[in-house]
Amino acid sequence: MRRERLFRNLLRLAAWLVGLNVLVISITLFWGASPTLRHFGLGFLWSSHWNPVTDEFGALPFLAGTLATSFLALALSLPLSLSMAILLGEFLRVGWLSNVFKSLVDLIAAVPSVIFGYWGLMVLVPLVREAEMWLMPLGQSVGIEIMPYGVGVLTASLVLAVMIIPNTAAIAREVLELVPRDLKEAAYSFGATRYEVVRSVIVPYARSGIFAGILLSLGRALGETMAVTMVIGNTNEMPANLFAPANTMASVIANELAEATTAIHYSSLVAVGLVLFLVTTVINFIGTYIIKKMTVQA
Amino acid sequence: MVTTAMPQPVRPVRREQQAPAANPPAAPLPETAHVRTDNFSVYYHDHPAVNRVTLTIPAGKVTAIIGPSGCGKSTLLRAINRMNDFVPGARAEGQLWYCGQDVYGPNCDPVELRRRIGMVFQKPNPFPKSIFRNVAWAPKINGYRGDLEELVERSLRQAALWDEVKDKLDRSALALSGGQQQRLCIARAIAMQPDVLLMDEPCSALDPIATAHIEDLIDQLKTQYTVVLVTHNMQQAGRVSDRTAFMYLGELVEVDATDIIFTRPNNPRTQDYITGRFG
């Protein structure tokens, strides 16, 4: 009896510790960010000047960098991940080839992000630089300045696009498998082709689940630090175009936190972290909420 | 998450090439035969679910297929529009003719075939769309060029559902009762303007009143369609069908006019089944 109670209390303690952890992180962020929030107010979000020398801090370049890389990555990866999900969820559900594909997708999720950054540096950066050299005259003729750095928003988006494939692909595949068999049979019995069944029965039915998977991918892209830091060029300015080097919220923190000498610089980096935390939390909540609702219905 | 078993779009079930009767003889179809099988079998892996069945389904009549669970009646029904193509390991042998066309022959396109054969399933399975879009679904994907609204109304009227739903065509089909959903599924199948309607135990999920509705409906439908009805309810077969086929363990035991099957069947096993001695 006593051991029983002890055991239960231990479990409870562990659960509280985990919950408390999140709470402490949030409080720390708010507390650490408060000098900046008091000093700059909400203008911190709108200002595009980030200059540690003059103690001017605005988060807009990083907000822009994070949103640009994440959404571009999403746009680049969706055609691939959704095709993969439809293939594995409908056309190729069983068999060795299906297992190979599933394992490979899972493997992408298992690759440490520093390896992706490394791959980006070694492989993508030279390729992007080549492309930029080639595009430079074209850009000039329409007034867009393209510098062949190789690093920048586009390169970071490409790396992110590959990294987030497994999130969407795995979740979308699972919700596609939830589409009831009798609905598909009905559609096939009316002479629908595979394509028609996928387009007008399966995908509409799984739509909200696919959307949730996309949101979770987005959450991953927004928060990704290491790989992005390695290939984005780390420039504290609003990126002028996709080829320009920039910084994301995550990458500026990783770059500058250890070297922040003034209190307001440090606090501003924490404030950037707070913004990032809020954005990813909201997106993750929406995603998990939709998935939960879907699963209950099914 | 629960994953349901899905129809696996497998390789099409092709008839095993039979001996050198290279060009199947232009089937000596009885004038009124709509679907005919000749020594037709369906195997799941090595197990024959339908075993050498030779059966003629006349046009414009209701043919009921009865028999105990697992006797192969649903498999035979689903063989007619090649729905077994989606079952892994299923394969057909022998011949099945639809309007003189060899359904398992190399020239049959199952997608084309299914467009001419409507199907109603055991469990009402409307799409999670509006009532209107459910009925309009098949005509739309099949490129119907006429007046879609008129077709939807006509189909719903034929399915005896129009008066109940005419004011809420844009509401979700899932809000309808089970019996209404099943009539909607019939309307959806009719809207495709098929000439054969396959019904796979269409009342097994319905209450007696809804069942009576569907049975009335089948009675009216046979003036325009050839109906093949699989049922485990013998009274139902007796009430609505013109001809009844009794299957047992994958084999066709007996087929005849319904009143003969139910009053003086030839085969003692039929006799035993319809009198409830087994099954």
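A salt bridge is taken here as a side-chain nitrogen of Lys or Arg within 4 Å of a carboxyl oxygen of Asp or Glu. The model is predicted, so local features need pLDDT of at least 70 and side-chain atom pairs count only at pLDDT 80 or more, while totals for chains, interfaces and linings use all residues. Residues are numbered from 1 along each chain as its sequence is written, chains are lettered from A and ligands numbered from 1 in the order in which they are written, and side-chain values use heavy atoms, with hydrogens and water left out.

**Stop 1: a pair within one helix**

Select Arg154(B) and Glu150(B). These residues form a salt bridge, with 3.2 Å between the closest N and O atoms. Both belong to helix α4 (residues 148-158) of chain B, where four residues, about one turn of the helix, separate them. Helices (H or I, at least four residues) and strands (E, at least two) are DSSP runs, numbered from the N terminus. Arg154(B) is partly exposed at a relative accessible area of 36%, and Glu150(B) is partly exposed at 37%. For these classes, buried means under 20% relative accessible area, exposed over 50%, and partly exposed in between (1.4 Å probe, protein chains only).

**Stop 2: further charged pairs**

Proceed to Lys222(B) and Asp219(B), which form a salt bridge whose closest N and O atoms are 3.6 Å apart. Asp219(B) has 39% relative accessibility and counts as partly exposed. Next, select Glu90(A), Lys184(A) and Arg194(A), which are joined into one network by salt bridges that share partners. Over all chains, a search of the whole structure finds 19 salt bridges.

**Stop 3: a bridge between the chains**

Now display Lys123(B) together with Asp182(A). Their closest N and O atoms lie 3.4 Å apart in a salt bridge. The pair crosses between chains: Lys123(B) is in the loop between β6 and α3 of chain B, and Asp182(A) is in helix α8 (residues 181-189) of chain A. Is Lys123(B) buried or exposed? Lys123(B) counts as exposed, because its relative accessibility is 52%.

**Stop 4: the interface as a whole**

Select the residues of each chain that are in contact with the other (heavy atoms within 4.5 Å). Chain B contributes 32 residues and chain A contributes 29 residues. The area buried between the two chains is about 2700 Å², and carbon and sulfur atoms give 65% of this area. Buried area is the accessible area (1.4 Å probe) that two parts lose on being put together, summed over both. The rule finds two salt bridges across the interface of chain B and chain A.

On the side of chain B that touches chain A, α2 (110-115), β6 (117-120), α3 (131-141) and α6 (178-190) of chain B each supply at least two residues. By class, that side has 20 nonpolar, six polar and six charged residues. Here Ala, Val, Leu, Ile, Met, Phe, Trp, Tyr, Cys and Pro count as nonpolar, Asp, Glu, Lys and Arg as charged, and the others, Gly among them, as polar.

**Stop 5**

From the N terminus on, its elements run α-α-β-β-α-α-α-α-α-α-α-α-α-α. The C-alpha trace of chain A spans about 75 × 70 × 30 Å along its principal axes. Of the 298 residues in chain A, 45% are buried. Among contacts in chain A between residues at least 6 apart in sequence, 73% join residues at least 24 apart.
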